[in-house]
Amino acid sequence: MLTCARRIGAAQDSASNEIVWKANFLAKSAAFVDWPTDSPVRTANTFRWCVYGTFSFGTTLAEMTRDVTFEGKRSEVRWIKRDSELAGCQIIFVTRSEGKNYSKVLDAARPGRGLTVGETSDFLEAGGMVALFTDGKSPGFEVNLEAVGAAKLKLSSRMLAVARRVVNRTVAAKS
(Lines give C-alpha, C1' and ligand atoms only; values in the text may rest on other atoms or scores of the structure.)
Protein backbone atom coordinates (compact mmCIF):
# COMPACT_ATOMS: atom_id res chain seq x y z
CA MET A 1 0.00 0.00 0.00
CA LEU A 2 2.80 2.41 0.89
CA THR A 3 4.60 1.65 -2.41
CA CYS A 4 1.45 2.46 -4.36
CA ALA A 5 1.06 5.75 -2.45
CA ARG A 6 4.69 6.64 -3.23
CA ARG A 7 4.13 5.96 -6.95
CA ILE A 8 1.01 8.16 -6.95
CA GLY A 9 2.88 10.89 -5.08
CA ALA A 10 5.81 10.68 -7.52
CA ALA A 11 3.43 10.86 -10.50
CA GLN A 12 1.73 13.91 -8.98
CA ASP A 13 5.11 15.58 -8.37
CA SER A 14 6.11 14.82 -11.95
CA ALA A 15 2.85 16.29 -13.31
CA SER A 16 3.26 19.33 -11.06
CA ASN A 17 6.85 19.84 -12.26
CA GLU A 18 5.69 19.55 -15.88
CA ILE A 19 2.99 22.16 -15.31
CA VAL A 20 5.43 24.59 -13.71
CA TRP A 21 8.05 24.02 -16.42
CA LYS A 22 5.61 24.61 -19.30
CA ALA A 23 4.09 27.69 -17.67
CA ASN A 24 7.57 29.06 -16.95
CA PHE A 25 8.70 28.46 -20.54
CA LEU A 26 5.68 30.30 -21.90
CA ALA A 27 6.01 33.16 -19.41
CA LYS A 28 9.67 33.74 -20.24
CA SER A 29 9.55 33.09 -23.99
CA ALA A 30 8.53 36.66 -24.90
CA ALA A 31 11.97 37.88 -23.89
CA PHE A 32 13.56 35.65 -26.54
CA VAL A 33 11.43 36.68 -29.52
CA ASP A 34 11.98 39.67 -31.77
CA TRP A 35 8.80 40.80 -33.50
CA PRO A 36 9.11 42.89 -36.69
CA THR A 37 8.14 46.55 -36.60
CA ASP A 38 5.00 45.93 -38.69
CA SER A 39 3.79 43.13 -36.42
CA PRO A 40 0.38 43.44 -34.73
CA VAL A 41 2.20 42.95 -31.40
CA ARG A 42 3.59 46.47 -31.78
CA THR A 43 0.13 48.11 -31.99
CA ALA A 44 -1.66 45.95 -29.40
CA ASN A 45 -2.59 47.49 -26.05
CA THR A 46 -1.75 44.33 -24.12
CA PHE A 47 0.64 41.44 -24.52
CA ARG A 48 -1.40 38.25 -24.71
CA TRP A 49 -0.50 34.70 -23.90
CA CYS A 50 -3.34 32.69 -25.41
CA VAL A 51 -4.25 29.09 -24.85
CA TYR A 52 -6.24 27.02 -27.31
CA GLY A 53 -7.54 23.65 -26.13
CA THR A 54 -7.73 21.79 -22.83
CA PHE A 55 -5.25 23.50 -20.55
CA SER A 56 -4.21 22.15 -17.16
CA PHE A 57 -1.86 24.89 -16.01
CA GLY A 58 -3.72 28.13 -16.74
CA THR A 59 -3.64 29.36 -13.17
CA THR A 60 0.12 28.80 -12.95
CA LEU A 61 0.72 30.70 -16.21
CA ALA A 62 -1.59 33.53 -15.14
CA GLU A 63 0.27 33.84 -11.82
CA MET A 64 3.68 33.86 -13.53
CA THR A 65 2.68 36.59 -16.00
CA ARG A 66 0.53 38.72 -13.68
CA ASP A 67 3.11 41.47 -13.16
CA VAL A 68 5.00 41.02 -16.42
CA THR A 69 5.13 43.90 -18.86
CA PHE A 70 6.43 43.60 -22.37
CA GLU A 71 7.54 46.75 -24.14
CA GLY A 72 5.46 48.74 -21.67
CA LYS A 73 2.31 46.69 -22.22
CA ARG A 74 0.50 44.88 -19.45
CA SER A 75 0.10 41.17 -19.96
CA GLU A 76 -2.86 38.84 -19.82
CA VAL A 77 -3.58 35.18 -20.28
CA ARG A 78 -6.62 34.35 -22.41
CA TRP A 79 -8.36 31.05 -23.05
CA ILE A 80 -9.36 31.07 -26.70
CA LYS A 81 -12.49 29.28 -27.85
CA ARG A 82 -12.83 30.64 -31.42
CA ASP A 83 -10.22 30.48 -34.16
CA SER A 84 -10.93 34.10 -35.08
CA GLU A 85 -9.50 35.26 -31.73
CA LEU A 86 -6.04 33.77 -32.37
CA ALA A 87 -4.80 36.64 -34.53
CA GLY A 88 -4.88 38.92 -31.45
CA CYS A 89 -2.37 36.80 -29.53
CA GLN A 90 1.38 37.22 -29.25
CA ILE A 91 2.19 33.79 -27.80
CA ILE A 92 -0.22 30.98 -28.58
CA PHE A 93 -0.10 27.68 -26.71
CA VAL A 94 -1.96 24.95 -28.60
CA THR A 95 -2.60 21.97 -26.37
CA ARG A 96 -2.33 18.33 -27.38
CA SER A 97 -6.14 18.10 -27.25
CA GLU A 98 -6.18 20.03 -30.55
CA GLY A 99 -3.83 17.64 -32.36
CA LYS A 100 -6.37 16.82 -35.07
CA ASN A 101 -6.96 20.54 -35.67
CA TYR A 102 -3.37 21.82 -35.82
CA SER A 103 -3.57 22.94 -39.46
CA LYS A 104 -6.81 24.85 -38.91
CA VAL A 105 -5.56 26.48 -35.69
CA LEU A 106 -2.18 27.45 -37.19
CA ASP A 107 -3.89 28.95 -40.26
CA ALA A 108 -6.12 31.05 -37.99
CA ALA A 109 -3.12 32.23 -35.95
CA ARG A 110 -0.99 33.18 -38.97
CA PRO A 111 -2.35 36.75 -39.56
CA GLY A 112 -1.37 37.88 -36.05
CA ARG A 113 2.15 36.47 -36.40
CA GLY A 114 2.23 35.22 -32.84
CA LEU A 115 4.71 32.62 -31.63
CA THR A 116 2.95 29.25 -31.75
CA VAL A 117 3.89 26.70 -29.10
CA GLY A 118 2.61 23.13 -28.84
CA GLU A 119 3.37 20.03 -26.84
CA THR A 120 3.65 17.18 -29.36
CA SER A 121 6.12 16.29 -32.11
CA ASP A 122 3.24 16.50 -34.62
CA PHE A 123 2.97 20.19 -33.86
CA LEU A 124 6.23 21.06 -35.62
CA GLU A 125 5.33 18.81 -38.52
CA ALA A 126 2.05 20.70 -38.95
CA GLY A 127 3.88 24.02 -39.13
CA GLY A 128 4.01 25.05 -35.46
CA MET A 129 7.03 27.01 -34.28
CA VAL A 130 8.04 25.51 -30.91
CA ALA A 131 7.21 22.11 -29.39
CA LEU A 132 7.70 21.48 -25.66
CA PHE A 133 8.65 18.02 -24.40
CA THR A 134 8.64 16.43 -20.97
CA ASP A 135 9.15 12.84 -22.02
CA GLY A 136 10.79 11.39 -18.93
CA LYS A 137 14.10 13.03 -19.75
CA SER A 138 14.84 16.55 -18.73
CA PRO A 139 12.31 19.00 -20.17
CA GLY A 140 13.20 20.48 -23.52
CA PHE A 141 11.90 21.99 -26.71
CA GLU A 142 12.37 21.89 -30.46
CA VAL A 143 12.07 24.74 -32.96
CA ASN A 144 10.78 24.91 -36.54
CA LEU A 145 12.79 27.81 -38.04
CA GLU A 146 10.81 27.77 -41.29
CA ALA A 147 7.58 28.51 -39.41
CA VAL A 148 9.30 31.15 -37.27
CA GLY A 149 10.71 32.86 -40.37
CA ALA A 150 7.37 32.72 -42.22
CA ALA A 151 5.88 34.82 -39.40
CA LYS A 152 8.83 37.23 -39.73
CA LEU A 153 9.86 36.47 -36.15
CA LYS A 154 13.40 36.00 -34.92
CA LEU A 155 14.33 33.83 -31.97
CA SER A 156 17.27 34.71 -29.77
CA SER A 157 20.44 32.72 -30.39
CA ARG A 158 20.38 31.97 -26.63
CA MET A 159 17.02 30.25 -27.06
CA LEU A 160 18.13 28.32 -30.14
CA ALA A 161 21.33 27.21 -28.39
CA VAL A 162 19.38 25.32 -25.71
CA ALA A 163 16.82 23.75 -28.04
CA ARG A 164 17.04 19.96 -28.34
CA ARG A 165 16.60 20.21 -32.09
CA VAL A 166 16.14 22.97 -34.65
CA VAL A 167 14.55 22.06 -37.99
CA ASN A 168 14.53 24.23 -41.08
CA ARG A 169 11.48 22.91 -42.86
CA THR A 170 7.96 21.77 -42.21
CA VAL A 171 7.75 18.00 -42.65
CA ALA A 172 4.02 18.16 -43.39
CA ALA A 173 4.80 20.09 -46.58
CA LYS A 174 6.10 16.85 -48.14
CA SER A 175 2.63 15.25 -48.24
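The model is predicted, so local features need pLDDT of at least 70 and side-chain atom pairs count only at pLDDT 80 or more, while totals for chains, interfaces and linings use all residues. Residues are numbered from 1 along each chain as its sequence is written, and side-chain values use heavy atoms, with hydrogens and water left out. Helices (H or I, at least four residues) and strands (E, at least two) are DSSP runs, numbered from the N terminus.

**The sheet**

- Eight strands form an open sheet with mixed pairing, in the order E3-E4-E2-E5-E6-E7-E8-E10; two strands pair if DSSP finds at least two bridges between them.
- Strand E3 (69–70) and strand E10 (165–167) stand at the edges with a single partner strand each, so one side of each has no neighbour in the sheet.
- E2 and E5 run parallel and are joined by four bridges; here cysteine 50 has isoleucine 92 in E5 as its bridge partner.

**Helices on the sheet**

- Helix H3 (residues 58–65) packs on the sheet and touches E2 and strand E4 (73–80), its direction making about 170° with that of E4.
- H4 also packs on the sheet, touching E2, E5 and E6, and its direction makes about 170° with that of E5.
- For these angles, axes are lines fitted to C-alpha atoms, for helices over the stretch in contact, and angles run from 0 to 180 degrees between N-to-C directions.
- In helix H4 (residues 102–109), the buried residues are Tyr102, Val105, Leu106 and Ala109; buried means under 20% relative accessible area, with a 1.4 Å probe and protein chains only.
- Those residues cover an arc of only 95° around the axis, which puts them on the same side of H4; the arc is that of the directions from the helix axis to the C-beta atoms.

**Strand E8**

- Five of the five residues of strand E8 (residues 140–144) are buried, so E8 is largely enclosed by the rest of the structure.
- Gly140, Glu142 and Asn144 lie on one side, with Phe141 and Val143 on the other.

**Glutamate 119**

- Glutamate 119 sits in the loop between E6 and H5 and is buried, with a relative accessible area of 8%.
- Its side chain reaches the backbone nitrogen of arginine 96 at 2.9 Å.
- Leaving aside neighbours within four places in sequence, glutamate 119 has contacts (heavy atoms within 4.5 Å) that include Lys22, Phe93 and Leu132.

Terms used:
Buried < 20%, exposed > 50% of the residue type's maximum accessible area, 1.4 Å probe, protein only. Polar contact = N/O pair within 3.5 Å; in protein donor to acceptor, adjacent residues only side chain to side chain.
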